[in-house]
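Student: Before we discuss any detail, could we have the sequence and the model in view, and then work through some questions one at a time?

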Amino acid sequence: MKIVVLMKEVPDTYGERKLNLETGLAERSDSEAVLDEIGERALELALSLAGSLDSPEITVVSMTPESATTTLRKALAMGADKLVHIADEKLVGADLGLTAEVLAAAIRRTGFDLVIAGNLSTDGQGGVIPAMLAELLGVPHASSLTSVEVSAERVHGTRETDGGIMEVAAALPAVISITERFPAGRFPNFKGIMAAKKKPVEKLTAADLEVDPEALDVPRSIMLAVSERPARSAGMKIVDEGDAGEKLAEFLIQNRLA
Ligand SMILES: Cc1cc2nc3c(=O)[nH]c(=O)nc-3n(C[C@H](O)[C@H](O)[C@H](O)COP(=O)(O)OP(=O)(O)OC[C@H]3O[C@@H](n4cnc5c(N)ncnc54)[C@H](O)[C@@H]3O)c2cc1C
């Protein structure tokens with residue numbers, strides 16, 4: 001079974017993260033680059049499923065800057081079989097539609113039975129790439145799963161919402177996205193790190209995938225402006241001296257919240 005895991009390189013989740021106010025892109029030089037934790041969880045799931053599947057092959061696909069190869073190698077050290085790295089300066093500032101188009105082309109080229117993605121990246125936080133991919137690939141999508149089981153023909157899983165737990169299933173090939181309820185990725189051991197050096201890494205550009213980032217006949221969104229988030233101001237505290245209700249109503253009216 002061919003499993004594709006989608007992973008991004010992101011600025012360290014625990015460090016200070018900043019946007020470049022001119023380009024709107026993440027300021028990568030300000031913090032250490034790491035694999036997105038949700039992507040590591042997706043890979044961990046693929047590795048745990050592999051044991052019970054026939055001829056499993058795990059390919060990590062990533063569209064990230066050229067410099068990310070070192071970070072991405074960690075995925076090979078964790079146990080992925082292959083890495084497909086799409087790195088192209090023409091993709092800087094790609095919107096969600098273009099990203100999905102590029103990833104779908106790379107996944108089609110690799111071949112797949114199951115695509116596993118995170119439900120939301122920690123930097124872009126668009127949360128729509130997996131659904132867009134399923135649409136472009138013409139396969140079912142099971143989103144935000146909190147548990148997953150896979151057989152040769154189907155993927156089963158659960159989705160938790162505020163209202164309850166849903167059980168979902170889809171025929172393969174399919175795209176699934178998972179939440180942070182899945183276990184964190186394993187630490188690569190020495191054997192894994194050494195083995196990773198010999199594993200195949202394929203580098204691709206948009207042209208290799210026959211995607212034109214500058215095409216004018218495709219709808220794309222553009223960022224018009226970016227500004228720093230305003231600093232949080234202290235909230236208003238109402239102490240009840242018999243008139244708290246009045247004060248609260250006044251506050252709501254003043255702030256057009258009522
Ligand atoms: C040169 C270059 C520079 C880039 N710079 C930035 C940047 O500064 N900030 C930024 O947010 N993005 C950057 N990207 C990546 C890309 O543009 C975004 O990943 C894309 O817009 C997806 O948005 P999202 O993370 O909000 O998606 P979401 O829908 O939140 O992602 C959900 C899941 O989809 C998968 N996924 C999403 N994007 C990718 C990807 N690129 N590769 C593999 N799997 C993916 C992951 O499994 C992720 O957990 C860059 C890409 C390139 C090639």
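Student: Does Gly118 count as buried or exposed in this predicted model?
Tutor: The cut-off for a buried residue is a relative accessible area under 20%. Gly118, which lies in strand β6, has a relative accessibility of 17%. Because that value falls under the cut-off, Gly118 counts as buried.

Student: With which residues is Gly118 in contact, leaving aside its neighbours within four places in sequence?
Tutor: Gly118 and Glu40 are 78 residues apart in sequence, and their C-alpha atoms are 8.9 Å apart in space. Once the neighbours within four places in sequence are left aside, the residues in contact with Gly118 are Ile38, Pro130, Ser177 and Ile178.

Student: Where is Glu22 found, and is Glu22 buried or exposed?
Tutor: Glu22 is found in the loop between β2 (9–11) and β3 (33–35). From Ile178 it is separated by 156 residues in sequence and by 33 Å in space, C-alpha to C-alpha. With a relative accessible area of 78%, and the cut-off for this class being over 50%, Glu22 is exposed.

Student: Which residues come nearest to the ligand?
Tutor: The shell around the ligand holds 30 residues, which divide into 18 nonpolar, nine polar and three charged. At least two residues of this shell are supplied by each of β4 (57–63), α3 (96–110), β6 (114–118) and α4 (129–137). Those that come nearest are Lys8, Met63, Ser121, Gly126 and Gly127.

Student: What share of the area that the ligand exposes when taken alone does the protein bury?
Tutor: An oxygen atom of the ligand lies 2.9 Å from a backbone N or O atom of Leu6, and a polar backbone atom of Gly127 is 2.8 Å from an oxygen atom of the ligand. A polar side-chain atom of Thr99 lies 3.4 Å from a ligand oxygen atom. Taken alone the ligand exposes 890 Å², and the share of this that the protein buries is 94%.

Student: Which two residues does a cis peptide bond join?
Tutor: Pro173 lies in the loop between β9 (164–171) and β10 (174–178). With omega at about 0°, the cis peptide bond joins Leu172 and Pro173.

Student: What is the phi of Gln125, and what is the phi of Ser144?
Tutor: Gln125 is found in the loop between β6 and α4 and counts as partly exposed at 48% relative accessibility, while Ser144 lies in strand β7 (residues 141–150) and counts as partly exposed at 23%. Neither residue is a glycine, although each has a positive phi. The value is about 55° for Gln125 and near 45° for Ser144.

Student: What percentage of the contacts in the chain between residues at least 6 apart in sequence join residues at least 24 apart?
Tutor: The chain has six helices and 11 strands, and its C-alpha trace spans about 70 × 45 × 45 Å along its principal axes. Of its 258 residues, 41% count as buried. Among the contacts between residues at least 6 apart in sequence, the percentage joining residues at least 24 apart is 71%.

Conventions: Residues numbered from 1 in each chain as written. Predicted model: local features only at pLDDT ≥ 70, side-chain atom pairs only at ≥ 80, totals over all residues. Heavy atoms only, no water. Near = heavy atom within 4 Å. Polar contact = N/O pair within 3.5 Å; in protein donor to acceptor, adjacent residues only side chain to side chain. Areas by Shrake-Rupley, 256 points an atom, 1.4 Å probe, with all protein chains shown as cover. Helix = DSSP H or I, 4+ residues; strand = E, 2+ residues; numbered from the N terminus. Nonpolar A, V, L, I, M, F, W, Y, C, P; charged D, E, K, R; others polar. Buried < 20%, exposed > 50% of the residue type's maximum accessible area, 1.4 Å probe, protein only. Contact = heavy atoms within 4.5 Å.
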